[in-house]
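Have a look at the structure first, then read on.

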Amino acid sequence: MEREFQVKINFAVFLFLGVYLVYGVYYAVTVGLYEASLILATGALFAIYFLGFRPYKYKIDKRTVYKYFRLRKPKELDL
């Protein structure tokens, strides 16, 4: 018997990424793009981590749990 569970969207993560993006764009417009490049690069790394390297689906098959990620291989946990 195999069951699959979807991970719910975390509103706080998307709120953080959105506010960080707005701050980076505001900083780039007011100060300059060169000075804001560190802020924008850090925001891109945050987005890659939160959206790509965290599990988005779990699958349970008998005594094994599979964690699925968007940017890497699924991880198998033996119970």
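In this predicted model, helix H1 covers residues 11-30 and helix H2 covers residues 33-52. Their axes come within 9 Å and cross at roughly 165°. Angles over 145 degrees count as roughly antiparallel, and H1 and H2 are therefore roughly antiparallel to each other.

**How the two helices meet**

- The crossing in which H1 passes H2 is left-handed.
- On the H1 side, the contact is made by Val13, Phe14, Phe16, Leu17, Tyr20, Tyr23, Gly24, Val25, Tyr27 and Ala28.
- H2 brings Leu33, Glu35, Ala36, Ile39, Leu40, Thr42, Gly43, Phe46, Ala47, Phe50 and Leu51 to the contact.
- Sorted by class, the contact of H1 with H2 has 17 nonpolar, three polar and one charged residues.

**The largest pocket**

- How much space lies in the largest pocket? The volume is about 280 Å³.
- The pocket is lined by Val7, Lys8, Ile9, Asn10, Val13, Phe14, Phe50, Leu51, Arg54, Pro55, Tyr56 and Arg70.
- H1 and H2 are the elements that give two or more residues to this lining.
- By class, the lining has eight nonpolar, one polar and three charged residues.

Note on methods:
Residues are numbered from 1 along each chain as its sequence is written. This is a predicted model: local features need pLDDT of at least 70, side-chain atom pairs count only at pLDDT 80 or more; totals for chains, interfaces and linings use all residues. Side-chain values use heavy atoms; hydrogens and water are left out. Axes are lines fitted to C-alpha atoms, for helices over the stretch in contact, and angles run from 0 to 180 degrees between N-to-C directions. Helices (H or I, at least four residues) and strands (E, at least two) are DSSP runs, numbered from the N terminus. Angles under 35 degrees count as roughly parallel, over 145 as roughly antiparallel, 65 to 115 as roughly perpendicular and the rest as oblique. A crossing is left-handed if the near helix is turned anticlockwise from the far one by less than a right angle, and right-handed if clockwise. Contact means heavy atoms within 4.5 Å. Ala, Val, Leu, Ile, Met, Phe, Trp, Tyr, Cys and Pro count as nonpolar, Asp, Glu, Lys and Arg as charged, and the others, Gly among them, as polar. On a 1 Å grid over the protein atoms alone, a cavity is a set of points where a 1.4 Å probe fits but cannot get out, and a pocket is an open set with protein on both sides within 12 Å along at least five of seven lines; lining residues have an atom within 4 Å of a point. Grid points are joined across faces, edges and corners, and a volume is the space filled by probe spheres set on the points.
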